[in-house]
Amino acid sequence: MTEKETVKAVDLSGEKIHWDQDMSYGQYLVLDKILEAQILRSGHHDEMMFIIIHQASELWLKLCIHELSAAMRHIREDDLGPAFKMISRIARIQEQLIQSWNILATMTPKDYLSFRDALGQSSGFQSYQYRIMEFALGNKNKSMIEVHKAHPDIYARVKQVLEAPSIYDLTLQLLKKRGFAVPGDKLERDWSEPYESSPAVEKVWRDVYLHADQHWDLYELAEKLVDLEHRFQTWRFSHMKTVERIIGYRRGTGGTSGVSYLVKALDLQFFPELWSVRTSL
């Protein structure tokens, strides 16, 4: 820039800006509460990033649950169009959640150990929103809700989702309504128990895939569910590798075995027949 050149400000004279607002941007978003919620319990620089990433993740999870609950309602009502949009939106949210691990991975082991003790026994394992989403997707495990017993309202909410049909249970009920031979024990069962794969259900999905032109919306639903699980597993893998990178094989703050526990979760599947059917096609 030469001496004669100056930085020009944006000309606002022709804009009809509301300088005095009944409802401001900050008021609508309640930013005063949100931006004051980062309470550092140590004097370490990286704790701010650690808190914000986890708080932002919880907000994204809240939106995931909002979208997933509505998608499940539409599947129950055999109204798949809106469900497709909502499941697709969850997939985009999952991209944000996966990306958050890349930001957290900029923290070195020394950085984390500088404030780890300030966490006490708090852990992502205790995230009730994560558990609600996992249960709604079908990974049912009764023992997981015990960590919330000290908080009756949260415990009741998580328990309600545990004991309700998952999105896959509702999908199988829809297949039955459409005339497919879904076994009765997959339509009426104890929803709090883990779903067990069925050759008969795989056969149903094989029919859907082989005749996709006749069952296009069911075929599309199947692929959106596969995409949902694929991204969820990518999130899990990124979580595991980030933890391994930062703390190695130390035990987690919540009492789990840390990386070893996270590795086990990678073997879990929400929609098993949607994966196995690919081999039989």
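Helices here are DSSP runs of H or I with at least four residues, strands are runs of E with at least two, and both are numbered from the N terminus. By that rule Phe50 sits in helix H3.

Before I go on, what we are looking at is a predicted model, so local features need pLDDT of at least 70 and side-chain atom pairs count only at pLDDT 80 or more, while totals for chains, interfaces and linings use all residues. Residues are numbered from 1 along each chain as its sequence is written, and side-chain values use heavy atoms, with hydrogens and water left out.

First, the overall picture. The protein has 12 helices and zero strands. Its C-alpha atoms fill a box of roughly 75 × 55 × 40 Å, taken along the principal axes. Of the 281 residues, 42% are buried, where buried means under 20% relative accessible area, exposed means over 50%, and partly exposed is in between, using a 1.4 Å probe and protein chains only. A contact means heavy atoms within 4.5 Å. Among the contacts with a separation of 6 or more, 70% are between residues 24 or more positions apart.

Back to Phe50. Is Phe50 buried or exposed? Phe50 counts as buried because its relative accessibility is 14%. Leaving aside residues up to four places away in sequence, Phe50 touches Leu104, Met107, Tyr112, Phe115 and Leu119.

Phe50 lies 12 residues from Gln38 in sequence, and the two C-alpha atoms are 9.7 Å apart in space. Gln38 is in the loop between helix H2 (31-35) and helix H3 (47-76). With 18% relative accessibility, Gln38 also counts as buried. What does the side chain of Gln38 make a polar contact with? One partner is the side chain of Gln55, at 2.6 Å. A polar atom of the Gln38 side chain also lies 3.0 Å from the backbone oxygen of Ile34. For the record, a polar contact is a pair of N or O atoms within 3.5 Å; within protein, one must be able to donate a hydrogen and the other to accept it, and residues adjacent in sequence count only if both atoms are side-chain atoms. Not counting residues up to four places away in sequence, Gln38 touches Met48, Ile51, Ile52 and Gln55.

Next, helix packing. Two packed helices are described by the angle between their axes and the distance between the axes. The axes are lines fitted to C-alpha atoms, for helices over the stretch in contact, and the angles run from 0 to 180 degrees between N-to-C directions.

H3 and H6 have axes that come within 9 Å and cross at roughly 30°. H3 is therefore roughly parallel to H6, since angles under 35 degrees count as roughly parallel, over 145 as roughly antiparallel, 65 to 115 as roughly perpendicular and the rest as oblique. The H3 and H6 crossing is left-handed, meaning that the near helix is turned anticlockwise from the far one by less than a right angle; clockwise would be right-handed. On the H3 side the residues include Glu58, Leu61 and Cys64, and they meet H6 residues including Gln129, Ile132 and Met133.

H6 (residues 128-137) also packs against H7 (residues 152-162), at an angle of about 15° with the axes 8 Å apart. That angle makes H6 and H7 roughly parallel to each other. The contact is made by Tyr128, Arg131, Ile132, Phe135 and Ala136 of H6 and by Ile154, Arg157, Val158, Val161 and Leu162 of H7. Here too H6 passes H7 in a left-handed crossing.

Towards the end of the chain, helix H10 (residues 216-247) has 32 residues. From first C-alpha to last, H10 reaches 46 Å, close to the 46 Å expected at 1.5 Å a residue; the expected span is 1.5 Å times one less than the number of residues. Just after H10, Gly248 takes a positive phi of about 65°. In helix H12 (residues 272-280), Pro272, Glu273, Leu274 and Val277 are buried. Those buried residues pack against helix H8 (167-177), helix H9 (199-210) and H10.

Last, some backbone angles. Most residues other than glycine have a negative phi. Val30 is not a glycine, yet has a positive phi of about 50°. Val30 lies in the loop between helix H1 (25-28) and H2, and at 36% relative accessibility Val30 counts as partly exposed. Asp78 also has a positive phi, near 55°. Asp78 is in the loop between H3 and helix H4 (80-104), and is partly exposed at 34% relative accessible area.
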